[in-house]
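Subject: Structure for you to look through

Hello,

Here is the structure I promised to pass on. Please open it first, then read my notes below with the model beside you.

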Amino acid sequence: MKQAISPLDPWLARRMDLPAPAPEAVLVWQMAELRRTLSWARQASPFFALRLAAVDLDALRRPSDLALLPRMEPTDLSAAGLLAVSQDEVARVVSLNTSGTSGQPKRLSFSEADLARTLEFFQVGMSTLCGPGDVVLVLLPGRREQGVADLLTRALPALGARAVIPPENWTPADLATVFQSQGVTSLVAAPRQLLALLDNEVACASARLRLCTVLSSGELLQDGLRARLEEAFCCVVFDHWGMTETGYGGGVECSAHCGYHLREADLLVEVADPATGRPLPVGETGEILVTTLGPRALPLLRYRTGDAARMLPGPCPCGSPLRRLGPVLGRLAADGQGIEQPPKGQGAP
């Protein structure tokens with residue numbers, strides 16, 4: 001059966017003002033947007049003024065040219081002078097611990113415009129798995145204004161769907177009641193939350209009655225867990241890749257489940273050699289690096305995620321000609337010479 005093409009394709013064509021989202025046209029647009037973004041960041045942020053002082057931005061024409069740019073480390077997110085807007089323009093601040101260090105936490109700032117981009121991506125990405133009349137149970141954190149759960153709740157009405165947020169400190173028994181009383185048809189949750197549901201017979205039975213789709217987000221989704229969920233809930237499981245650093249959204253599977261279709265108009269995602277930062281060819285596994293496109297409260301430049309993956313070759317079975325990010329394989333080891341799998345309860349069944 002022919003798969004439905006990813007809804008991100010027509011959205012990207014509109015955002016980039018292209019007649020069609022052809023790979024070469026998207027690349028040309030992204031590199032031009034990168035030059036504009038870095039020129040702005042160099043003027044707006046003391047951090048980037050220093051980092052980019054010696055870089056010839058006009059030389060950035062092809063993906064291989066990205067090696068001319070420095071990489072950002074997670075510790076850079078606590079550096080002085082990184083903010084590229086005034087404090088009055090910051091709509092949300094998030095602090096995260098930096099893995100493997102007792103230093104300053106990562107401090108992330110988002111403007112209203114940053115969060116509006118995420119809201120738009122959520123509206124497009126969620127249309128892959130839900131639509132008019134659907135009731136989406138959102139278990140992810142971020143209930144406060146502009147948090148991830150709040151943004152999802154605000155995004156769904158544009159699709160004719162609505163969100164349901166469970167009680168604070170919910171239990172699987174609580175969710176069994178929510179499934180029944182609200183007529184939940186779709187679920188958005190992290191793998192560890194999905195594991196908790198699988199371990200509760202009543203919650204499983206309630207979910208199986210009406211649940212059609214599940215979106216896993218926030219942690220690594222193991223194939224074994226996906227299979228268990230689809231069998232237990234009699235549903236289709238989609239996976240999402242993203243980070244708080246990118247404003248939550250990053251890429252989402254289509255109905256073909258062959259990698260993540262990327263938020264190419266907002267993020268330049270690459271896979272690079274973790275030792276040298278050299279961009280790797282399609283199909284080779286390396287470290288995911290992320291650069292934000294367009295003015296941001298806190299820009300990212302080749303930000304080192306620590307996640308290992310590869311870009312997938314060829315068109316997607318759904319018909320999209322655009323590149324896709326392969327499944328995240330795990331975290332790179334501290335020496336960059338291997339991949340660490342998550343512990344049990346972090347997405348592994």
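Strands β10 and β11 (residues 286-292) run antiparallel, joined by 6 bridges. Within this pair, V271 stands opposite I288 of β11. Keep in mind that this is a predicted model.

The two strands belong to an open sheet of 5 strands. Its order is β10-β11-β12-β15-β16, and the pairing is antiparallel. Which strands stand at the edges? They are β10 (267-272) and β16 (339-340). Each has a single partner strand, so one side of each has no neighbour in the sheet.

Next, the core. Nonpolar side chains tend to be buried together in soluble globular proteins. Here the largest nonpolar core has 75 residues. Those with the most contacts inside it are L34, L69, M72, M126, W241 and L325. Helix α2 (residues 23-44) gives the most to this core, with 7 residues. Leaving out residues up to four places away in sequence, L69 touches L34, L38, L52, V55, L60, L301 and R302.

Now helix α4 (residues 112-126). It has 15 residues and reaches 21 Å from its first C-alpha to its last. That is close to the 21 Å expected at 1.5 Å a residue. Its buried residues include D114, R117, F121, F122 and M126.

Salt bridges come next. The count is 18.

- E33 and R36: their side chains meet at 2.5 Å, N to O. Both lie in helix α2, 3 residues apart, about one turn of the helix. Residues three or four places apart in an α-helix point the same way, because there are 3.6 residues a turn. E33 counts as buried, at 14% relative accessibility. R36 is partly exposed, with a relative accessible area of 46%.
- E73 and R304: this pair meets at 3.2 Å, N to O. E73 lies in the loop between α3 (46-51) and β1 (90-96), and R304 lies in strand β12 (residues 303-309), so the bridge ties together parts that are 231 residues apart in sequence. E73 is partly exposed at 32% relative accessibility, while R304 is buried at 17%.
- R117 and D266: the distance is 4.0 Å, N to O. R117 is in helix α4 and D266 is in the loop between β9 (260-262) and β10, so this pair ties together parts that are 149 residues apart in sequence. Why does D266 count as buried? Its relative accessibility is 0%, and buried means under 20%. R117 is buried as well, at 16%.

R117 and D266 are also part of a network of salt bridges that links them with R15, D114 and R263.

Not counting residues up to four places away in sequence, S109 touches L83, V90, R92, V93, D114, A297 and L298. S109 is buried, at 9% relative accessibility.

Last, two backbone angles. Most residues other than glycine have a negative phi. Q146 has a positive phi, near 75°. N169 has a positive phi too, near 55°. Q146 sits in the loop between β3 (135-138) and α5 (148-155). N169 sits in the loop between β4 (162-164) and α6 (172-182). Are they buried or exposed? Q146 is buried, at 5% relative accessibility. N169 is exposed, at 73%.

Best wishes

Technical notes. Residues are numbered from 1 along each chain as its sequence is written. This is a predicted model: local features need pLDDT of at least 70, side-chain atom pairs count only at pLDDT 80 or more; totals for chains, interfaces and linings use all residues. Side-chain values use heavy atoms; hydrogens and water are left out. Buried means under 20% relative accessible area, exposed over 50%, partly exposed in between (1.4 Å probe, protein chains only). Contact means heavy atoms within 4.5 Å. Helices (H or I, at least four residues) and strands (E, at least two) are DSSP runs, numbered from the N terminus. Two strands pair if DSSP finds at least two bridges between them. A nonpolar core is a set of buried Ala, Val, Leu, Ile, Met, Phe, Trp, Tyr and Cys residues joined through side-chain atoms within 4.5 Å. The expected span of a helix is 1.5 Å times one less than its number of residues.
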